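Hi,

Here is the structure I promised to pass on. Have a look at it first, and then read on for what turned up.

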Amino acid sequence: MMLRFETAGESHGECLVATLTGLPASVPVSSAAIDRELWRRQQGYGRGGRMKIETDHAHIVSGVRYSKTIGSPIAVLIENKDWKNWVDSLPVEGSTQDEPKRKPVTRPRPGHADLAGAIKYNFPDARYILERASARETTARVAIGAIAKGFLAEFGIGVLSHVIQVGPAQLGRSASWDELVALSQKDEVLLNCVDPEAEQRMKEFVDLVYRTGDTAGGVFEVVAHNVPPGLGSHITWDSRLDGRLAQAIVSMQAVKGVEIGYAQEGAASLGSAVQDTIHYDREAHTFTRGANRAGGLEGGITNGQDILVRGFLKPISTLRRPLESVDLETREPAKAAYERSDVCVVPAAGVVGEAMTAIVLAQALIEKFGGDSLAETRRNYCAYLDQVKQF
Ligand code: EPS
């Protein structure tokens, strides 16, 4: 992979860290633009108490000078304001004398990484597992995704998201790119749905699950607009871009499924109704398609239509009315642990989905066009677009 990113950090540790290696030099980077994405990720109806503590800010410490990349690895730090409440129980150094200050989690939550992680890492309780498994980590992904978005914007490519389902409440229609742009510019985010009536139904469902001590899942859709044809490849399993996008989306906390285009609907339909027919516009000298049910990808290659990727989130596993579990110390039945939690995070997950999609597209773009400077990448990109025009 020519463009690589990595994150470090735990939910209640000092900070989150993210690095991005392999972006060409001279790509504009704005910490205000990154902070705007971090803010978007913190929004949404159904978020819990933690978001009242945090105001996420990207502190860029390397790889950027005078607001442009210099080709070296970029490192970003994001402070956990909550850390001050955890310094004593999660110290970096210390001895067993400090043990009483620990906050063990001995009643694993069904659906969380708690039990599987504790068994695997041989910890007597799940504290260290949940600290890293927590969706707090997605803050770092969004910071890197914002930089990837800035890079893609240099090629006219945009990546945005919206919520199409919360619990049983569905949007039930597609959204235009302009609607998504307008949504992304709002300064108040409810459920990040383009339709006020559907959003109201989603809100009512969140209210209902909140009242009953339960949680809500849902579906977000990421749309990548103005993507050139030809990213990704059919030639090997791991160069297929649909597979790479699916991995990126399913790697997100609480995401249990992914769909590219109208996959679910397609599986229940006839082939003649599913494929996007091919046409040719002689005046514009370009191929057109009858629809975009394939979600912009055929054979693992972008076909020039909008990329549509949906992430399916299970309801959050931390419940105010906890489920049956077992105490790891006593092995007796016990209710699962509860400290505090969100009730619905589908809008936030959409923003994370945008970040993951932007990173995968930036990787595919750099693989295809290379370049150590933005000018070189752009030259290669434009030459390819000329070739496509002449095809
Ligand atoms: C999370 C638990 C909650 C969430 C957290 C994800 O955190 P806390 O345990 O501090 O209340 O709010 O999400 C974030 C902190 C975030 O920034 O999105 C979990 O266990 O996954």
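**A helix across a sheet**

Helix H11 (residues 346-369) lies across E7, E9 and strand E15 (307-313), and its direction is at about 145° to E7. Please keep in mind throughout that this is a predicted model.

The sheet under discussion is an open one of 5 strands, ordered E8-E7-E9-E15-E10, with antiparallel pairing. Strand E8 (169-170) and strand E10 (255-260) are at its edges; each has a single partner strand, so one side of each is left without a neighbour in the sheet. Within this sheet, strand E7 (residues 158-166) and strand E9 (residues 218-225) run antiparallel and are joined by 8 bridges.

**H11 and its helix partner**

H11 also packs against another helix. Two packed helices are described by the angle between their axes and the distance between the axes. For helix H1 (residues 31-42) and H11, the angle is about 145° and the axes are 7 Å apart. Which residues in H1 meet H11? They are Glu37, Arg40 and Arg41, and on the H11 side you will find Ala348, Val351, Val352 and Glu354.

**The ligand**

Around the ligand are His12, Arg41, Arg47, Arg50, Met51, His112, Ser134, Ala135, Arg136, Arg340 and Asp342. One of them, Arg41, is also among the H1 residues that meet H11. The shell divides into 2 nonpolar, 3 polar and 6 charged residues.

Some polar distances to look up:

- Histidine 12 has a side-chain N or O atom 2.7 Å from an oxygen atom of the ligand.
- Arginine 50 likewise places an N or O atom of its side chain 2.7 Å from a ligand oxygen atom.
- Aspartate 342 has a polar side-chain atom 3.2 Å from an oxygen atom of the ligand.

How much of the ligand's accessible area does the protein cover? On its own the ligand has 460 Å² of accessible area, and the protein covers 91% of that.

**The other sheet, and a hairpin**

Another open sheet has 4 strands in the order E1-E2-E6-E3, with antiparallel pairing. Its edges are strand E1 (4-8) and strand E3 (59-62); each of these has a single partner strand, so one side of each is left without a neighbour in the sheet. From one strand to the next, the twist averages 20°. E1 and strand E2 (residues 15-21) run antiparallel, joined by 5 bridges. Here arginine 4 has threonine 21 in E2 as its bridge partner.

Lastly, strand E11 (residues 278-281) pairs with strand E12 (residues 286-289) in the antiparallel sense over 4 bridges. Isoleucine 278 stands opposite arginine 289 in E12. E11 and E12 form a hairpin with 4 residues between them, and in the turn histidine 285 has a positive phi of about 50°.

Happy browsing, and do write back with any questions.

Best wishes

Technical notes
Residues are numbered from 1 along each chain as its sequence is written. This is a predicted model: local features need pLDDT of at least 70, side-chain atom pairs count only at pLDDT 80 or more; totals for chains, interfaces and linings use all residues. Side-chain values use heavy atoms; hydrogens and water are left out. Two strands pair if DSSP finds at least two bridges between them. Helices (H or I, at least four residues) and strands (E, at least two) are DSSP runs, numbered from the N terminus. Axes are lines fitted to C-alpha atoms, for helices over the stretch in contact, and angles run from 0 to 180 degrees between N-to-C directions. A residue is near a molecule or strand if one of its heavy atoms lies within 4 Å of it. A polar contact is a pair of N or O atoms within 3.5 Å; within protein, one must be able to donate a hydrogen and the other to accept it, and residues adjacent in sequence count only if both atoms are side-chain atoms. Accessible areas come from the Shrake-Rupley method with a 1.4 Å probe; for residues, only the protein chains shown count as cover. Ala, Val, Leu, Ile, Met, Phe, Trp, Tyr, Cys and Pro count as nonpolar, Asp, Glu, Lys and Arg as charged, and the others, Gly among them, as polar. Contact means heavy atoms within 4.5 Å.
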